[in-house]
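Keep the structure open as you read.

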Amino acid sequence: MDLTGLLAFNVLTGIATLALITIGLGVIYGMMRIINLAHGEFMMLGAYTAVTASTAGVNIWVSMLILPPLVVGLVGLVLERTIIRFLYGRMMDTMLATWGISLGLIGLITSIFGNVVKSVQMPVGSFAIGQYHVSAYSLVIIGVGVVVLSSLLLLLRKTRFGLILRATMQNPAMSASLGVRPAAVYMATFALGAALAGLAGGVLAPISGVSPGMGGAYIAKAFITVLGGGPAIIAGTGLAAGLFGFINEIVSFLSTPVIGDIALLASAIVLIRVLPQGITGRFLRRSS
Amino acid sequence: MTMESGSRRKALKFGAAAAVGALVGPYVTRSASAAEPIKLGSLLDGTGALGIEGRRMIQATEFAVGQINDHGGLLGRPVKLIAYDTQSSIQLYTQYAQQLVFQDKVDVIQGGITSASREAIRPIFDRSKTLFFYNTQYEGGVCDRNVFCTGTTPAQTVDHIVEYALKNWGKKVYIIAADYNYGHITASWMTKFVKDGGGSVVSTDFFPLDVTNFSSTISRIQEAKPDMVLSALVGANHVGFYRQWAAAGMKSKIPVGATVFGLGDELTTMDAATTDGIITCFGFYNNLGTPNANAFVKGMQAKYGPSLTDLGELDTATYEGIMLWAEAVKKAGSVEQAKVVTALETGISIEGPSGTVKMDPATHHTIRNAYLARPKNRVWEILQTFPNQFPSDTGGACDLIKSPRTNKQFMPQV
């Protein structure tokens, strides 16, 4: 019984982690069909913001939850204005540009901080599920994941800004003729996606080592989950993260984390074969 | 462009003679110069996953070479250090190894950190007969006439960790290790020592060097309910295990013994709640208190700053490896590989920061002291001292005096 509780908790944590990693990429890809290969590096910047702020003495929660999205959102805004906005509609070119941005960011961070692995203090302790002990930080991750997904859903469904976002995504030309500036919408969307990636990096910083190359470990999983999720941003991310996170955690528990990753990849292959448009390509097609 | 065939032939002959002269020239002129420096090559990871450990070893190398030159060099010649940062990349190890041997033409190589890097470059040095000192503690068993290993081996350290664990913690052991040759062989040694001591191994899990998330592992360990965890995890990513272990509240529940913990800056960058109580066994700790140990720490701090408090066996073994080589060169009166090897095989001994370090002629490993310690409030608490530990990993199977052509790594029979 305790074991089931432990496993369920681990699964929820895994799903939340995957959802947080993916949502930033999902917003950018879902809205603008831009393949942002610098997504992992946005997360890395968020993690470095958290490390720098917490070592400078800023409160740990502020430096993990508030500063990274602000900083990385700003970075995303600048990059969008200077590089990305000239490349809308050109998929290969945006891939190349964002790949170059990712290499540039890695090089920049390496020259500033060095090619060493830094760490952030774990801010909370542990609690017990029956006779098993788990880190309470997993609760933080689950909490942040739920808050992010639900507030994004509210943003898209209930606010005027969300309405404009969805309209521009569906039909940019018609929205333009109704008085919306697509360029401004794209700028806001890219900044939002970058901010979400920064938040994910900041939240995950205490778990993994923070190094210039850490983004590479996340980008593959983020892309797989986005493509597995399908066109609907939030429902797709949630469902795909749910499916893959579940499989990953269960298999990791039964064997090793490496086999767990293999299981995630294998299930992604099966999913794409069965549902080429992703989960929300077939089910829940009208959700956001 | 017509030339008389006669003058073309002359030009060809002259050109060939000039080319031969250019090739031979350096060899002729070199032997004429006596104050030419002795070249010491160094291959260590200053950056990357092993960078935390490697940068101190690089500093220890510079310190040792500086000391030798301050005392007038070797055989009246200065020692020139040619060091390359291999950035925790095996590809760079092999690339720079070739460069040191064929381009820089060094007289000795002191380097290698992970066992993977050692095995990648060892054949290069064997082929070119370049003397190679491997100064990192490792899984033991290398038996190669061209190689001298000064780091501690499982027979000198891991057996003491297992002995302490079985006596104080219980009999059920859970082993976690890095997924490469060091991790696998060390896990085999742990299994052997545990079984010899009457214990049992519940499970052995391996993790590639880039794994950072150990939450499912921690759950698995709790489910298996062992009396202790023995860890051979390596590198900056695996350090996350100890952080996550402490965060999950497991520190007070299941004790941990580790073979590669505290060799970097763990005690300074991690908080005491994470590091306290982890049992380790190495050839050196920075607070041994002996005159030699203090002199080494003070000397390094004088050169690199007072914040250098996290010196460990990796650094002292690097220093001792260079000093052993220097002693052998003085004894042999030459830097030629064959003569220095013969000198080393007479059983050279030095007084290093960790105590007396003697090169065992048959195994090409060192007989040295070992200490059992655990962190307590960011300071090492030395629990036991084991003087003059013999490198008995190969159990006598490695005898390079009797069989100098041996060239393999012996593994434990489990």
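Buried area is the accessible area, with a 1.4 Å probe, that two parts lose on being put together, summed over both.

## The interface at a glance

First, a caveat: this is a predicted model. With that in mind, chain A and chain B bury about 2300 Å² between them, and carbon and sulfur atoms give 55% of that area. On the chain A side, A:His133, A:Phe253 and A:Pro257 lose the most area to chain B, together 22% of what that side buries.

As for who takes part, 26 residues come from chain A and 24 residues from chain B.

How many salt bridges cross between chain A and chain B? The rule finds zero. Polar contacts do turn up: the count between the two chains is six residue pairs, both partners at pLDDT 80 or more.

Looking at chain A's side, the elements that give two or more residues to it are helix H1 (2–32), strand S2 (132–135), helix H10 (233–254) and helix H11 (257–274). By residue class, that side splits into twelve nonpolar, 13 polar and one charged.

## A helix tucked into chain B

Now over to helix H7 of chain B, residues 215–224. Seven of its ten residues are buried, so helix H7 of chain B is largely enclosed by the rest of the structure. The buried ones are B:Ser216, B:Thr217, B:Ile218, B:Ser219, B:Arg220, B:Ile221 and B:Gln222.

Terms used: Residues numbered from 1 in each chain as written. Chains lettered and ligands numbered in written order. Predicted model: local features only at pLDDT ≥ 70, side-chain atom pairs only at ≥ 80, totals over all residues. Heavy atoms only, no water. Contact = heavy atoms within 4.5 Å. Salt bridge = Lys/Arg side-chain N within 4 Å of Asp/Glu carboxyl O. Polar contact = N/O pair within 3.5 Å; in protein donor to acceptor, adjacent residues only side chain to side chain. Helix = DSSP H or I, 4+ residues; strand = E, 2+ residues; numbered from the N terminus. Nonpolar A, V, L, I, M, F, W, Y, C, P; charged D, E, K, R; others polar. Buried < 20%, exposed > 50% of the residue type's maximum accessible area, 1.4 Å probe, protein only.
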